[in-house]
Structures are given as structure tokens and as C-alpha cells.
Amino acid sequence: TTPYYQGSCTAVACPALSTGSNVVAGCVCDAGYSGKIEETKSSPFYAGTCQGVACPIYSDGDGVPGGCACNAGYSGTISKSTAPPYYTGECAAVPCPLHSDGTSIPSGCSCRAGYEGKVDAIATA
């Protein structure tokens, strides 16, 4: 027998910057991106977007998806994640080195009495 209709309905693919089988099954923003994708009845048949997350405090770069590096005087690693806040890791202040006074490199360190030199923040170890 022949059906009394023509055509079919197919699930829409997940949009850019997201992954999943299709919009109906659910799309998840790629690592380093935040947002929500939901199905709708009008074109493009989904609503929402995935947007890149900015680099966290004490780091700089093109955003979490493009990579973040700790600022001078800070140490750590920032990695992309699919779970909020969409990155893992942190940049922590490096403590003042031996024979110097102060709390951390970013807040300033000075050589102790009887020692000479200068302690400056740099971006790499």
C-alpha cells in the first residue's frame, strides 16, 4: 500500500561549536564554550548559541577556546571543559623567592638586608 503523504521529517544537526547526534537528541556546547541549544518549530529549528568563555582572572589570551596563559608573576594552567565554568585550572600568585621579603611576585618582593638584586615578574618559568 502507498502512504497518503509525501515527504518526511528529519532531525536538525547540532549547530557550530556544539556536538551531539542532533538538536532533538540534545546538543552540548564544545569545551570552552557556554550556552544552550533548544529545539524550535521555526527555521533554523533550534534556538541558542555557544559562545567562547573569556580567560579567567590573572590570565590573558583569546579566550578559553583559543587558549589562556597566566599573567606574569602567576603560575598555573587553564584547560577547556564542557562543565561550568567551562574551564579547569587557575593562575595562582608565585610566592617571593628565597632571601626576599613580600607575599608574592605580583604584590612585590624586595631583597632582604645583606642581599642585592631585583625580583621582577615574568610570564614563563
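Author: Let us start with cysteine 9, which is exposed, with a relative accessible area of 81%. Here "exposed" stands for over 50% relative accessible area, "buried" for under 20%, and "partly exposed" for values in between, computed with a 1.4 Å probe on protein chains only. Please keep in mind that this is a predicted model: local features need pLDDT of at least 70 and side-chain atom pairs count only at pLDDT 80 or more, while totals for chains, interfaces and linings use all residues. Residues are numbered from 1 along each chain as its sequence is written, and side-chain values use heavy atoms, with hydrogens and water left out.

Cysteine 111 is in no disulfide either: the nearest cysteine sulfur belongs to cysteine 109 and is 9.1 Å away. With a relative accessible area of 26%, cysteine 111 is partly exposed.

Now to the cysteines that do pair. A disulfide is a covalent bond between the sulfur atoms of two cysteines; in this model, the sulfurs must lie within 2.5 Å to count as one. The structure holds five disulfides. If you count the bonded cysteines along the chain, the pattern reads 1-2, 3-4, 5-6, 7-8, 9-10. Let me show you three of these bonds.

One of them joins cysteine 14 and cysteine 27, with sulfur atoms 2.1 Å apart. The torsion about their S-S bond is about -90 degrees, so this disulfide is left-handed. Cysteine 14 sits in the segment before strand 1 (18-19) and cysteine 27 in the loop between strand 1 and strand 2 (28-29), so the bond ties together parts that are 13 residues apart in sequence. The strands here are DSSP runs of E, at least two residues long, numbered from the N terminus. Both ends fall under the cut-off for buried: cysteine 14 at 17% relative accessibility, and cysteine 27 at 12%.

Another disulfide runs from cysteine 29 to cysteine 50, with an S to S distance of 2.1 Å. Here the torsion about the S-S bond is about -80 degrees, so this link is left-handed too. It connects distant parts of the chain, since cysteine 29 lies in strand 2 and cysteine 50 in strand 6 (residues 50-52), 21 residues apart. Cysteine 29 is buried at 7% relative accessibility, and cysteine 50 is buried at 8%.

Next come cysteine 55 and cysteine 68, whose sulfur atoms are 2.1 Å apart in a disulfide. With -90 degrees about the S-S bond, their link is left-handed. Cysteine 55 is found in the loop between strand 6 and strand 7 (59-61), while cysteine 68 is in strand 8 (residues 68-70), 13 residues apart. Both of these cysteines are buried.

A search of the whole structure finds one aromatic pair. Tyrosine 58 and tyrosine 74 have ring centres 4.5 Å apart and planes at 10 degrees, so they are stacked. Rings of Phe, Tyr and Trp (its six-membered ring) pair when their centres lie within 6.5 Å; planes under 30 degrees apart are stacked, over 60 edge-to-face, and the rest tilted. Tyrosine 58 is partly exposed at 38% relative accessibility, whereas tyrosine 74 is buried at 17%.

How values were computed. Helix = DSSP H or I, 4+ residues; strand = E, 2+ residues; numbered from the N terminus.
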